[in-house]
Amino acid sequence: MSPRRWTPDDVARMRLLSQRLVEPLATPGDVVRHLTCVQGQDLPGSTASIALRTRSRRLSEVRAAYDAGEVVRSWPMRGTLFVVPAEDLGWMLDLTSTKVLRETTRRREQLGLDDAALTRAEEVARSVLTGPGLTRTALLAAWEEAGHRTDPGRGYHSIFHLAVRGVLCLGPTEGREQRFVLREEWITSSRRPEPEAAVLEWFVRYVSSHGPVPAADFLWWTKLLRRDLAPVLEIARARLEVVDVDGVEHWVDPVVVERYAGARRATSAPLLLPGFDELVLGYGNRRAVLSRDEEAAVVPGGNGVFRPTVVRAGRAVGTWRRPARAGEPVVVEPFGDALPGPVDRALPRLTRDLPA
């Protein structure tokens, strides 16, 4: 246990280091492997989030990583879309799919997606997705033509079910979309660690990319159970550091702790983050980055749509949207009466530096 008393401000700043928002990585593949899972409901937003953490900040490099099969989007945990390293998707689904499929049984029953319907959906998907794959629209059309109804909600839940079972995933890009492909055909190299080793690896990678963070946030993030994590915690203590924050154990990569003293000033630099960024959504408890009132402004009406945020020193200070006219700074709605002066003055530069 580190003897220093760490504060919530330290947590917020150190997470910028862990998430590589201060010290970016070389390639999109490096970023996704480091973060392990990147929130992926919004393709443009997740593409920008990944690019922000690379040195070039180029969206085209993220798309190239999809096209090369280096990263994919799928539903590896929590019933939510994430960007993951292609080689890791299989073992993640090994750990999570049984529970996810069990918990979504009732919804499938409500939609009339019985075993026969889902078997037919899989047969059609396997026949039409061979090779380059299809966009969502084209896959749904193929199902309709084969007599597998896709409305209302049946199309999405058919895709979701087959993805969780490991039949398909989202791979190469086509314009502003991705094509669905057969997972075993598209992903040519998969890792398969033993279950306990996989949980240990996932926990260490989550802490290394999101820490300082309580172990409870990892369980929220993955929806694994305490009994899954308990056997590996002592092994994890040998690789990670545990620090006290207001009486709560927070796990962190020792390398981040070492870098923090020299990089603390750099964490004050303001950032423009896309909606659904992992700095906001990667934690069960978001109080390090947002108060409850601020979270209500980021997710108005609790509708599940997260607005882009302006961040300084690891804390959100407002939301932003793109300007009506090109060349103008982003439009910001501060949480207080006004933005901090350094943030306000930085907006033109931050706008120019947005991933493109």
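Student: How many residues does helix α7 have, and how far does α7 reach from its first C-alpha to its last?

Tutor: Keep in mind that this is a predicted model. Helix α7 covers residues 115-128, which makes 14 residues. Its reach from first C-alpha to last is 20 Å. That is close to the 20 Å expected at 1.5 Å a residue.

Student: Which residues of α7 are buried?

Tutor: Buried means under 20% relative accessible area. In α7 that holds for Ala-117, Leu-118, Ala-121, Glu-122, Val-124 and Ala-125. Seen down the axis of α7, these buried residues fall within an arc of 165°, so they line one face of the helix.

Student: Which exposed residues sit on the face of α7 turned away from the buried side?

Tutor: Asp-115, Ala-116 and Ser-127 are the exposed residues there.

Student: Now to charges. How many salt bridges does the structure hold?

Tutor: The structure holds 25 salt bridges. Take Asp-277 and Arg-53, whose closest N and O atoms are 2.9 Å apart. This pair links distant parts of the chain, 224 residues apart. Asp-277 lies in the loop between β9 (271-273) and α16 (278-281). Arg-53 lies in the loop between α3 (43-52) and α4 (59-67). Both residues are buried.

Student: What separates Glu-201 and Arg-205 in helix α11?

Tutor: They are four residues apart in α11 (residues 195-210), so about one helical turn separates them. Glu-201 and Arg-205 are both buried. They also belong to a network of salt bridges that links them with Asp-88 and Arg-191.

Student: Where do Glu-333 and Arg-307 lie in the chain?

Tutor: Their side chains meet in a salt bridge at 3.9 Å, N to O. The pair links distant parts of the chain, 26 residues apart. Glu-333 is in strand β12 (residues 331-334), while Arg-307 is in the loop between α17 (292-298) and β10 (309-312). Glu-333 is partly exposed, at 40% relative accessible area. Arg-307 is partly exposed too, at 34%.

Student: Next, the nonpolar cores. Which residues have the most contacts inside the largest one?

Tutor: The general idea comes first. In soluble globular proteins, nonpolar side chains tend to be buried together. Here the largest nonpolar core has 34 residues. Those with the most contacts inside it are Cys-37, Trp-202, Phe-203, Phe-218, Leu-229 and Trp-251. The elements that give two or more residues are β3 (71-77), β4 (80-85), α5 (89-103), α11 and α12 (215-222). Helix α11 gives the largest share, eight residues.

Student: What does Phe-218 touch, leaving out residues up to four places away in sequence?

Tutor: Phe-218 touches Val-199, Trp-202, Phe-203, Tyr-206, Lys-223, Leu-224 and Leu-229. There is also a second, separate core of 22 residues, including Leu-81, Val-100, Ile-159 and Val-164.

Student: One last residue. Is Thr-309 buried or exposed?

Tutor: Thr-309 has a relative accessible area of 1%, so it counts as buried. Thr-309 sits in strand β10. Beyond residues up to four places away in sequence, Thr-309 touches Leu-271, Leu-272, Leu-273, Val-280, Val-298, Ala-316, Gly-318, Thr-319 and Trp-320.

Note on methods. Residues are numbered from 1 along each chain as its sequence is written. This is a predicted model: local features need pLDDT of at least 70, side-chain atom pairs count only at pLDDT 80 or more; totals for chains, interfaces and linings use all residues. Side-chain values use heavy atoms; hydrogens and water are left out. The expected span of a helix is 1.5 Å times one less than its number of residues. Buried means under 20% relative accessible area, exposed over 50%, partly exposed in between (1.4 Å probe, protein chains only). The arc is that of the directions from the helix axis to the C-beta atoms. A salt bridge is a side-chain nitrogen of Lys or Arg within 4 Å of a carboxyl oxygen of Asp or Glu. A nonpolar core is a set of buried Ala, Val, Leu, Ile, Met, Phe, Trp, Tyr and Cys residues joined through side-chain atoms within 4.5 Å. Contact means heavy atoms within 4.5 Å.
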